[in-house]
Amino acid sequence: MPGVPLRPMGTGRVARRDLFSARRFRFSLQTRILLVVLVCVVVPLLLMGVYLTDQTEEALRAKARENVANHASVMTHAVDDWFADRAHEIKSWAASFVIYENMESLSQPRTDPVHARGEIRKFLETLLKLGHNRMYESLFVVDLEGRVVSATREEELEGWTRELVRRLLRTKPEETTKPEELVSPLRRSDRLGRATLLVVHTVKSGERTLGYLVGRVDLRELEKLLSPALGEAALGFWLLDESQFILIKQGRVADI
């Protein structure tokens, strides 16, 4: 209309400052105080929870390590005692008059060798029948040359076992006395086709060595000793030699 000024038309857009000002949250003083309290309480609780979880896990790991170490210590003593018992048995049997008297008589020209060897064999068989048969496959006596004199079954000394027996005859310059017994390493027997272990002790008459009493250990008894106990399947013990070679693993003799 004439004489009426025209107003400029709007663009239909909302200013950015108006948009943000309309959506701005306004917290009351009580809300702000509540948020501060929640932060001060929840954050320490979360940190404490993480700390306690780490401490609990470390305590459980320490307890597990302690339990394994204790079981390993008990098993180590058990194995040591087991071998010590075998060595003591062979030592006491080698000192029997039945063995050394008949071995001594075999060196005499008028002795009946069949009778002397038979007496030794009867004595060895009696030992196995007295409850020790679980620990030994066989017992046998050899002379100074390593030849089998008498045995509870057919036996012989193989090359590596002969070398072990010879060690009992050797004395190093720094040694004042000769060793009288030994426990062989776990070695494979070509004759038996499997691993075997021997305990050897000298047979003496006074200061004179007449031969050796040899016990072939039944390794199944050693396997039982190292087998995991009922309810402790995770604690399977391994037996290693001085070179860290595995001899018995999880209650089974390794294929040597």
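## The second largest pocket

In this predicted model, the second largest pocket is lined by 13 residues. Those that lie nearest its centre are Met 103, Leu 106, Asp 143, Val 149 and Leu 210.

The volume of the second largest pocket is about 270 Å³. Its lining is made up of 6 nonpolar, 2 polar and 5 charged residues.

## The largest pocket

The largest pocket holds about 350 Å³ of space. It is lined by 14 residues, and the closest to its centre are Ser 184, Pro 185, Leu 186, Asp 241 and Leu 247. By type, the lining of the largest pocket comprises 10 nonpolar residues, 1 polar residue and 3 charged residues.

Side chains of opposite charge can pair when their charged atoms come close. In this model, the count of salt bridges comes to 15.

One of the residues nearest the centre of the second largest pocket, Asp 143, takes part in such a pair. The side chain of Asp 143 forms a salt bridge with that of Arg 147, with an N to O distance of 3.0 Å. Asp 143 counts as buried because its relative accessibility is 14%, and buried means under 20%.

Another salt bridge joins the side chains of Arg 121 and Glu 125, at 3.9 Å from N to O. Both residues belong to helix α4 (residues 113-129), and because they are 4 residues apart there, about one helical turn separates them. Arg 121 is partly exposed, at 34% relative accessibility, and Glu 125 is also partly exposed, at 27%.

Which parts of the chain does the pair of Glu 137 and Arg 153 tie together? Glu 137 and Arg 153 form a salt bridge in which the closest N and O atoms are 3.0 Å apart. Glu 137 is in strand β1 (residues 136-142), whereas Arg 153 is in the loop between β2 and α5 (159-167), so the pair links parts that are 16 residues apart in sequence.

The two partners fall into separate accessibility classes: Glu 137 is buried, at 18% relative accessibility, while Arg 153 is partly exposed, with a relative accessible area of 33%. Both belong to one network, in which salt bridges that share partners join Glu 137, Arg 153, Glu 155, Glu 156, Arg 191, Arg 194 and Arg 216.

Conventions
Residues are numbered from 1 along each chain as its sequence is written. This is a predicted model: local features need pLDDT of at least 70, side-chain atom pairs count only at pLDDT 80 or more; totals for chains, interfaces and linings use all residues. Side-chain values use heavy atoms; hydrogens and water are left out. On a 1 Å grid over the protein atoms alone, a cavity is a set of points where a 1.4 Å probe fits but cannot get out, and a pocket is an open set with protein on both sides within 12 Å along at least five of seven lines; lining residues have an atom within 4 Å of a point. Grid points are joined across faces, edges and corners, and a volume is the space filled by probe spheres set on the points. Ala, Val, Leu, Ile, Met, Phe, Trp, Tyr, Cys and Pro count as nonpolar, Asp, Glu, Lys and Arg as charged, and the others, Gly among them, as polar. A salt bridge is a side-chain nitrogen of Lys or Arg within 4 Å of a carboxyl oxygen of Asp or Glu. Helices (H or I, at least four residues) and strands (E, at least two) are DSSP runs, numbered from the N terminus. Buried means under 20% relative accessible area, exposed over 50%, partly exposed in between (1.4 Å probe, protein chains only).
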